[in-house]
Amino acid sequence: MGGCHSYPSATKTDSKTLQSTNIGSEKLFASSRGVNNNNLEQRPYLQQQNVCQRIPHTDMTTLTALPPGVDKAEWLATNMAFFKNINLFSSALSEFCTPSTCPTACGPGNTVYVWTDDHGRKLKCSAPLYFDYAMSYIQELLTDEDVFPTKAGSVFPTGFIFLVQKVFLMFFRTLAHIYCSHYRETLELGLHPHLNTLFKHLTLFCKQNALLEPEDTEPLQDLITALEQQG
């Protein structure tokens, strides 16, 4: 399976291009400058009564900190449990995310995510198709013994960290799309405390392990800051 890109949906397309990693994950990022982050009607997840909602008694520091004596690669592999949680959450909203309701895979700040196939072709596809590609790609990696070995004495491959970064970028984009396009349904289902908790856990883990670039998280930096201020 290929990789992922993001582009601005506005007319200006000369976004900053970053160098490809050794896994061929070239990334193009949209700038969120000019977006009114204070427009709470368009971004209801920033409203105080919503941003303060989280699962209580969750010690994020303990959840994300590397335990003493644990190898970092093993710790990163263990935290691929995010896959199950994010896949479960997105599945709960699948009836609202269809090719007709979400013809593009978008995130906040006029960002559109574009899939790149094995031949380097950029595919601007619907959100459900994009995230099906992403989850299938991750599932394939997780079941590959050469990437995530389970036998005692096995070692992680060269470039393992770059694969992990790519996976966590897909995790982030999945939640970014939910916040952008399906937050009102999340509110109606009473799932917003779970979403905020999952998102804060993900972003804190990524920050502590340097898994995402600032350009990756920029579309939801306002929410990341707001959740950090909640303590």
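Reader: What should be kept in mind about numbering and confidence?

Author: Residues are numbered from 1 along each chain as its sequence is written, and side-chain values use heavy atoms, with hydrogens and water left out. In this predicted model, local features need pLDDT of at least 70 and side-chain atom pairs count only at pLDDT 80 or more, while totals for chains, interfaces and linings use all residues.

Reader: Why is the contact of Arg43 with Asp222 called a salt bridge?

Author: A salt bridge is a side-chain nitrogen of Lys or Arg within 4 Å of a carboxyl oxygen of Asp or Glu. The closest N and O atoms of Arg43 and Asp222 are 2.5 Å apart, and the pair therefore meets that definition. The structure holds three salt bridges.

Reader: What makes the pair of Arg43 and Asp222 a tie between parts that are apart in sequence?

Author: Helices (H or I, at least four residues) and strands (E, at least two) are DSSP runs, numbered from the N terminus. Arg43 lies in the loop between strand E1 (3-8) and helix H1 (48-51), whereas Asp222 lies in helix H10 (residues 221-229), so the pair ties together parts that are 179 residues apart in sequence.

Reader: Are Arg43 and Asp222 buried or exposed?

Author: Buried means under 20% relative accessible area, exposed over 50%, and partly exposed in between (1.4 Å probe, protein chains only). Arg43 has a relative accessible area of 8% and Asp222 one of 17%, so each is classed as buried.

Reader: How do you know that Glu228 and Lys207 form a salt bridge, and where do the two residues lie?

Author: Their closest N and O atoms are 3.7 Å apart, which is within the limit and therefore qualifies. Glu228 lies in helix H10 and Lys207 in helix H8 (residues 192-208), so this pair ties together parts that are 21 residues apart in sequence. Glu228, at 44% relative accessibility, counts as partly exposed, whereas Lys207, at 61%, is exposed.

Reader: Why is Cys102 in no disulfide?

Author: A disulfide is a pair of cysteine sulfur atoms within 2.5 Å, and the structure holds zero disulfides. Cys102 is buried, with a relative accessible area of 4%.

Reader: Why is the aromatic pair of Trp75 and Phe205 called tilted?

Author: Rings of Phe, Tyr and Trp (its six-membered ring) pair if their centres lie within 6.5 Å; planes under 30 degrees apart count as stacked, over 60 as edge-to-face and the rest as tilted. For Trp75 and Phe205 the centres are 6.4 Å apart and the planes 55 degrees apart, so the rings pair and the pair counts as tilted. Trp75 is in helix H3 (residues 72-78) and Phe205 in helix H8, 130 residues apart. Trp75 is buried at 12% relative accessible area, and Phe205 is buried at 0%.

Reader: What makes the pair of Phe168 and Phe171 edge-to-face?

Author: The angle between the planes is 80 degrees, with 5.1 Å centre to centre, so the pair passes both tests for that name. Phe168 and Phe171 are three residues apart in helix H6 (residues 160-181), and are therefore separated by about one helical turn. Phe168 counts as buried at 0% relative accessibility, and Phe171 likewise at 0%.
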